[in-house]
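These are my notebook entries on a structure that I examined chain by chain. I record what I looked up and what I found.

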Amino acid sequence: MSAAIRAERLRKVYPGSPPVAALKSASLEIADNEFFTLLGPSGCGKTTLLRLVAGFESITGGTLHLFGEDIAHLPPEKRPVNTVFQHYSLFPHMTILDNVAFGLRRLGKPRQEAAGKAQEMLDLVQLRDYGARLPNQLSGGQQQRVALARALAPRPRVLLLDEPLSALDLKLRQSMRLELKRLQRETGITFVFVTHDQDEALAMSDRIAVMSAGEIQQIATPGEIYEYPANRFVAEFIGDANFYQARVEQVRDNGATYLTPFGTRLAGPLVEGAEPGRSVTVFVRPEKVTLTAAATEGNLPGRVRDVIYLGDTTDYRITLEQGGDITVRAENHKDGRPLANPGDDVFVELDPSALRVLKE
Amino acid sequence: MKQATRDIRILPGFNWVTLAFFLYLYLPLIILVVFSFNASRSATVWEGFSVDWYFKAFANDDIRRAAANSLIIATVSMVASTCIATMAALALARNRRIRRKPVFSGLIMLPLMMPEIVTAVATLTFFAAIGLSLGLGNIIIAHTVFCIPFAYLPIRARLQGMDESLETAAQDLYAGRWDTLRLITLPLLAPGILSGAMLAFIISIDDFIITLMVAEAGSTTLPIYIYSLVRLGITPEINAVSTVLLIISILFVGLSYRIGKKR
Amino acid sequence: MTAVLDRLKAYAGVAPATLVIGVFMIAPLMIIFAYSFLEPNPYGGVRPAFSTGAYTKLFYERDLFDEMVFNATYLKITFRSLWIAAASVAACLLIGFPVAYYIAMQPPERRNLLILLITIPFWTNLLIRTYCWILVLRDTGLINNALISAGLIDRPFTMLYTEGAIVLGLIYTYIPFMVLPIYASLERLDLRLIEASRDLYATKWGTLRQIVLPLAAPGIIAGSILVFIPGLGAFIAPELLGGGKNLMLGSLVQLQFSSARNWPFGSALAVVIMAVVMLTLMLYARNARRNGGGLQH
């Protein structure tokens, strides 16, 4: 079985003066039956990549295969791929049922059959009784579900979702996440999901491609992306992190040891061009650091500068005595009291295994 | 690559239709202008460059008289119709005490919805019935009525695009109703009023049918004079006069477009 | 008392417009209606005697024996006018839709420029624009000269003074009225709907038929009306390009108030034109109301 989507050095330049390279060079392989997410800030090229797969834009360079077939020159209607649009894009002059049956009708299904299938899809997205209404008589969340039903009705081999949840409010967004995941499991269709929301990406995806400035930064599972980001961009974009400069102490065959600014040693992967004495970036997630009042050996003394209350947790910005800052994220006391107040002298406990070396 | 810049919205052939359309639109006008500089009497065979027809046209007393009439009529009708249209547009957009607004806006649009020939004979009949005979005055009245919707449309468009909160802000800063109108609304509305006035002017100076029916002897306007020349036989003199009118129209439309775009 | 005065003051802004249009537009139209039921005065004007003669003249004439016989002359002119106006609408639509679509798909600055280019000839004198076509179409005009010198024909091909020439002139005059409203509705069209349609297996032309045309319908209908109404009462194009042979309603009306001196008949014809216009507008209004809910957004 070949990959659902295989892109090699895919490139898109929008003509103009100057021309805009929305996608510089993207290579990726998406497996059949996968929930794959393209994650990145706006303008990173994720939507462009999606539109190239859908066929809305012509590719400037590279190759694009769908289940082994070269689709680069096929118009959208010849690709077994359907899209859920960010702003739903329901046909305003057609009823909900006609909207959902649209693709099936164009594929040559008789009216009766198409209507029957469309009704099934409406049942699936829990809009059984809405078939006769017009799109503008539905709420945003309902319209989104219709858009989903419409794109799924022709049973595409790949479903593309372009930030489908971004126009919904938080609660609805969270319940739609579960629903999307359920639909993907039930239908067995490959989902390619575009979003700028890291929580969405982490919660739903089998794998994530983090994109920035027209290039793919890293492709990995949510856990890998969070724990072992490929570079500083990924580490910063997903979750929060404290960054420090460490020094290469010793290079070995399959790794290196690094001297951290906290006087500890850290064994890590080999960084490109590593030689003793060179500086590398290390980081630690704020929730992996703890705040303590005990002056145990190895704990770092410092003073609390800011306390930022976040509801379930609190962020403490601490100025370290040795110089530099660190942010510690800690759960609140059961009674809601903060662990420390601005101006308090505290100690920070930093387990060496929580520090990670960035490869780039 | 076969289709390097494929845009899925583009429909084949539509670009050629558009090109042909613009040729169709401009070719006759280009011919008109080119042959106004023709040395011979022929209006279609080119025999060398000359500006004689322009001098002949300007030296022609009838043309000068007709042009003067046209200018007087267009200026007066422009001022009158623009004033009426501005008042109506302001009242309909800002005065909340007026009820049945669609009736009033429909009434203002009426001269635009009637085929011109109907307006023309109706006005003629009316003037004859009440025995009105004011020379150019008759034409001015008829043109003013006909120009009101043309002046009204750009003003209303401008008012709709205007931020009403600016006026509220002025009132909040102790400006009375008249001060608000004078200091805020009218200055902001000025581009709309100006383009409305220009459209009214062009409509009046170009009008033919209404003028033809309503004009009394001695009140010949430029279009009426051109019409009589066209019927009598074609000389490049018409081309010369027409080119001048064309340039005036383009100037006015271009200007009103620029003003409308600004700010 | 002050309440009444207050109410009057509220309407002060619309009063001049109402007064001017009421006196110089509504009243004249009412007089025309009244005149159509009076008897003609052979020296112009009317005689104050009730008569439906003007309307029967549309269908009947008195023969040599003073008997009423059916006369198709005016009906023919009426139908010719309707036919020519309808043909102009069809031709304007056929040309205007692709043009409007093409312009709507351009980048914004180019769109505005193209729209300005359409409106420039529109604001130039109607007579002059029509006169240009005489130069092009007549037997010694540009097309015939070109065809003859190219050796394609040896005798001029008659184009001027035909119904085709009138339609051509009407298209030329009124096509901006078709392009602009269609453009306005296409410009507002959500282009992502085209993508959605293509994504759901509709072809280029299928998308045009299923999505674009239905959503541009308000513009198409408005444009058709804006071409049809003035086309019906057109005067200049039939006079100059039809050469008086192919009489249309506009010229017929003008004739009754000038050389024919039959004001009641002219008035009756004007009333007929007004009736057709009102009917068209009423159909439009009803249609707009019916579709208003679904197509506004």
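This is a predicted model: local features need pLDDT of at least 70, side-chain atom pairs count only at pLDDT 80 or more; totals for chains, interfaces and linings use all residues.

**Entry 1. The contact of chains C and B**

How many residues of chain C are in contact with chain B, and with how many residues of chain B? I noted that 69 residues of chain C are in contact with 68 residues of chain B, two residues being in contact if their C-beta atoms, placed from the backbone, lie within 7 Å. I then looked up which element gives the most to the side of chain C that touches chain B, and it is helix H2 (residues 15-35), with 13 residues. Helices (H or I, at least four residues) and strands (E, at least two) are DSSP runs, numbered from the N terminus. The residues on this side of chain C divide into 52 nonpolar, 13 polar and 4 charged. In this classification Ala, Val, Leu, Ile, Met, Phe, Trp, Tyr, Cys and Pro count as nonpolar, Asp, Glu, Lys and Arg as charged, and the others, Gly among them, as polar.

Residues are numbered from 1 along each chain as its sequence is written, and chains are lettered from A and ligands numbered from 1 in the order in which they are written.

**Entry 2. Domains**

I looked up the domain assignment of chain B and found domain 1 (10-50) and domain 2 (61-261); such bounds come from an automatic or database domain assignment. The centres of these two domains of chain B, taken over C-alpha atoms, are separated by 30 Å. In chain B, 8 residues of domain 1 are in contact with 8 residues of domain 2.

For chain A the assignment gives domain 1 (5-234) and domain 2 (242-357). The C-alpha centres of these two domains of chain A lie 39 Å apart.

**Entry 3. Helix pairs**

Two packed helices are described by the angle between their axes and the distance between the axes. Axes are lines fitted to C-alpha atoms, for helices over the stretch in contact, and angles run from 0 to 180 degrees between N-to-C directions.

The crossing of H6(C) and H8(C) is right-handed. A crossing is left-handed if the near helix is turned anticlockwise from the far one by less than a right angle, and right-handed if clockwise. Among the residues of H6(C) that meet H8(C) are Arg129(C) and Trp133(C), and among their counterparts in H8(C) are Gly169(C) and Tyr172(C). By class, I listed 6 nonpolar, 3 polar and 1 charged residues for the contact of H6(C) with H8(C).

In chain B, helix H3 (residues 61-94) and helix H6 (residues 136-161) pack at about 45°, with their axes 6 Å apart. H3(B) is therefore oblique to H6(B). Their crossing is right-handed, and the contact of H3(B) with H6(B) comprises 19 nonpolar, 7 polar and 1 charged residues.

In chain A, the axes of helix H2 (residues 96-106) and helix H3 (residues 111-124) come within 8 Å and cross at roughly 125°.

Glu163(A) has a positive phi of about 40° although it is not a glycine. I located Glu163(A) in the loop between strand S7 (158-162) and helix H5 (170-187) of chain A.

Is Glu163(A) buried or exposed? Glu163(A) counts as buried because it has 21 C-beta neighbours inside 10 Å; the rule is 20 or more other C-beta atoms within 10 Å for buried, 12 or fewer for exposed, and partly exposed in between, with C-beta atoms placed from the backbone.

Tyr201(C), also not a glycine, has a positive phi of about 75°. Tyr201(C) lies in the loop between helix H9 (192-199) and helix H10 (204-232) of chain C, and with 22 other C-beta atoms within 10 Å it is buried.

Conventions: Angles under 35 degrees count as roughly parallel, over 145 as roughly antiparallel, 65 to 115 as roughly perpendicular and the rest as oblique.
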